[in-house]
Amino acid sequence: MGWEYLLKIFFNHNSKHWIKTIENLKMLLLTKKGELVGDINFGTDLVYVLFQPNGNSSELKEQIDFYIRGPVNNYLPDITIENIDVKTAEEDPTLTNDIVVTLTISLEVLNISAQILISANQTGTVIIQQK
């Protein structure tokens with residue numbers, strides 16, 4: 001076995017681990033608390049917060065931060081949340097969605113970081129994607 005073979009295995013494994021981590025994050029954020037039969041604490045109340053009337057944007061930002069950090073720290077401890085940025089259509093009229101949340105996360109084990117976008121609009125759609 002040469003180095004090329006070992007590097008290929010290493011990067012293939014890390015790539016799969018990263019993809020699985022992102023998928024687990026999406027599942028956690030989109031699952032409503034109480035929805036999972038075996039663990040009623042799994043999930044977040046993020047969906048409810050994203051679709052409530054957002055008169056006070058600083059309160060909204062605090063709630064979003066709370067509903068993301070707690071469950072991620074509890075269920076996905078490998079993920080480090082570096083930053084949570086929340087923008088509303090009131091603050092930025094150029095947004096195509098009503099709320100856009102940008103999570104900057106890292107996975108120390110793989111020395112990888114990325115930004116995850118969470119978008120919510122008036123039709124009740126939530127989209128989570130890697131930036």
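This is a predicted model: local features need pLDDT of at least 70, side-chain atom pairs count only at pLDDT 80 or more; totals for chains, interfaces and linings use all residues.
**A sheet, a helix across it, and selected side chains**

Phenylalanine 42 lies in the loop between H1 and helix H2 (46–50). Phenylalanine 42 is buried, because its relative accessibility is 12% and the cut-off for buried is under 20%. Its contacts, not counting residues up to four places away in sequence, are Met27, Leu28, Thr31, Lys32, Lys33, Gly34, Leu36 and Tyr75. One of these residues is lysine 32. Phenylalanine 42 and lysine 32 are ten residues apart in sequence. In space, their C-alpha atoms are 7.7 Å apart.

The strands come next. Four of them form an open sheet in the order E1-E2-E3-E4, with antiparallel pairing. Strand E1 (79–88) and E4 are the edge strands, and each pairs on one side only. Neighbouring strands of this sheet are turned by 15° against each other on average, direction ignored. H3 lies across E1, E2 and E3. The helix runs at about 155° to E1.

Within the sheet, strand E2 (residues 99–107) and E3 run antiparallel and are joined by nine bridges. Isoleucine 105 has alanine 114 in E3 as its bridge partner. E3 also runs antiparallel to strand E4 (residues 126–130), and five bridges join these two. Here leucine 117 has glutamine 129 in E4 as its bridge partner. E3 and E4 form a hairpin with five residues between the strands. In this hairpin, glycine 124 takes a positive phi near 90°.

Serine 119 belongs to strand E3 (residues 112–120). Its relative accessible area is 10%. Serine 119 therefore counts as buried, since the limit is under 20%. Leaving out residues up to four places away in sequence, serine 119 touches Asn97, Ile99, Val100, Thr125, Val126 and Ile127.

Charged side chains were examined next. Side chains of opposite charge can pair when their charged atoms come close. The count of salt bridges comes to three. Lysine 26 pairs with glutamate 23, and their closest N and O atoms are 3.6 Å apart. The two residues are three residues apart in helix H1 (residues 3–30), so about one helical turn separates them. Lysine 26 is partly exposed, at 22% relative accessibility. Glutamate 23 is also partly exposed, with a value of 42%.

Another salt bridge links aspartate 65 to arginine 69. The closest N and O atoms of this pair are 2.9 Å apart. Aspartate 65 and arginine 69 are four residues apart in helix H3 (residues 57–75), so they too are separated by about one helical turn. Aspartate 65 has 25% relative accessibility and counts as partly exposed. Arginine 69 is partly exposed at 27%. Helix H3, which holds this pair, is the helix that lies across E1, E2 and E3.

A salt bridge also joins the side chains of lysine 87 and aspartate 85, with an N to O distance of 3.5 Å. Lysine 87 is partly exposed, at 35% relative accessibility. Aspartate 85 has a relative accessible area of 31% and is partly exposed.

How values were computed
Residues are numbered from 1 along each chain as its sequence is written. Side-chain values use heavy atoms; hydrogens and water are left out. Buried means under 20% relative accessible area, exposed over 50%, partly exposed in between (1.4 Å probe, protein chains only). Contact means heavy atoms within 4.5 Å. Two strands pair if DSSP finds at least two bridges between them. A salt bridge is a side-chain nitrogen of Lys or Arg within 4 Å of a carboxyl oxygen of Asp or Glu. Axes are lines fitted to C-alpha atoms, for helices over the stretch in contact, and angles run from 0 to 180 degrees between N-to-C directions.
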